[in-house]
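Subject: Structure handover

Hello,

Here is the structure I promised you. Please load it before reading on.

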Amino acid sequence: SVTIVDNGGQISAGDGGATTICAVAAPIDLFATLQTFGGDPEAGGTWTFDGQAVAGTFDPATSPAGTYTYTVTGQNGCTDGTANLAITVEAATAYYLDGDEDGFGDGANTVMDCTQPAGYVTNDTDCDDNDAATFPGATEICDGVDNNCDGSIDEGLTGCGGEAVAIRINAGGQEVRFAGNV
């Protein structure tokens, strides 16, 4: 007597594919990711990386990037099904909060991500992120504030702060100096 067992057709490990994950992203389920590439992969297979068995989770903080192979064991003389999932890890970038929306960020408010979040910029050079008129390269004005973030207050301006101002009384007369604003 002969018994024929129908295993439902060809074993499928799926179509495989490639994906990129951010270095600071949460771990991903390899099987769920494989399913997004189609081919109807069968559950219950095993994962390997460089010929070594690995868990079914990829953590960008600890798992190496590369090609992971999913294998579904064939039964009753059927060949194994395999699919490759190539994973690239994208480096994260530092982004800085730009609270005053002047195009310059606050170095004390940083996030690491692979896409720029709204309200964040790639530089951390704002010396006062609460004042949109204060940023590197801004025009210095006589207000007792370091408007251009160069470490000096009201530099190059006369009549500001403690700078001495020369005033002539009667043309050609004696020069009088005093401190303060005019």
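Below are the notes on its sheet and its aromatic rings.

This is a predicted model, where local features need pLDDT of at least 70, side-chain atom pairs count only at pLDDT 80 or more, and totals for chains, interfaces and linings use all residues. Residues are numbered from 1 along each chain as its sequence is written, and side-chain values use heavy atoms, with hydrogens and water left out.

The sheet: five strands form an open sheet in the order β1-β7-β6-β3-β4, with mixed pairing. Its edge strands, β1 (17-22) and β4 (52-54), each pair on one side only. Neighbouring strands are turned by 35° against each other on average, direction ignored. Strands are DSSP runs (E, at least two residues), numbered from the N terminus. Two of them pair if DSSP finds at least two bridges between them. Axes are lines fitted to C-alpha atoms, and angles run from 0 to 180 degrees between N-to-C directions.

β1 pairs with β7 (residues 81-90) in the parallel sense, over six bridges. Alanine 18 has alanine 86 in β7 as its bridge partner.

The rings: there are five aromatic pairs (rings of Phe, Tyr and Trp, the last by its six-membered ring, with centres within 6.5 Å; planes under 30 degrees apart are stacked, over 60 edge-to-face, the rest tilted). One of them, phenylalanine 104 with phenylalanine 135, is stacked, at 5.2 Å centre to centre and 10° between the planes. The two residues are 31 apart: phenylalanine 104 lies in the loop between β8 (93-97) and β9 (106-113), phenylalanine 135 in the loop between β10 (120-121) and β11 (164-168). Phe31, Trp47 and Tyr70 form one aromatic cluster.

Best regards

Key: Helix = DSSP H or I, 4+ residues; strand = E, 2+ residues; numbered from the N terminus.
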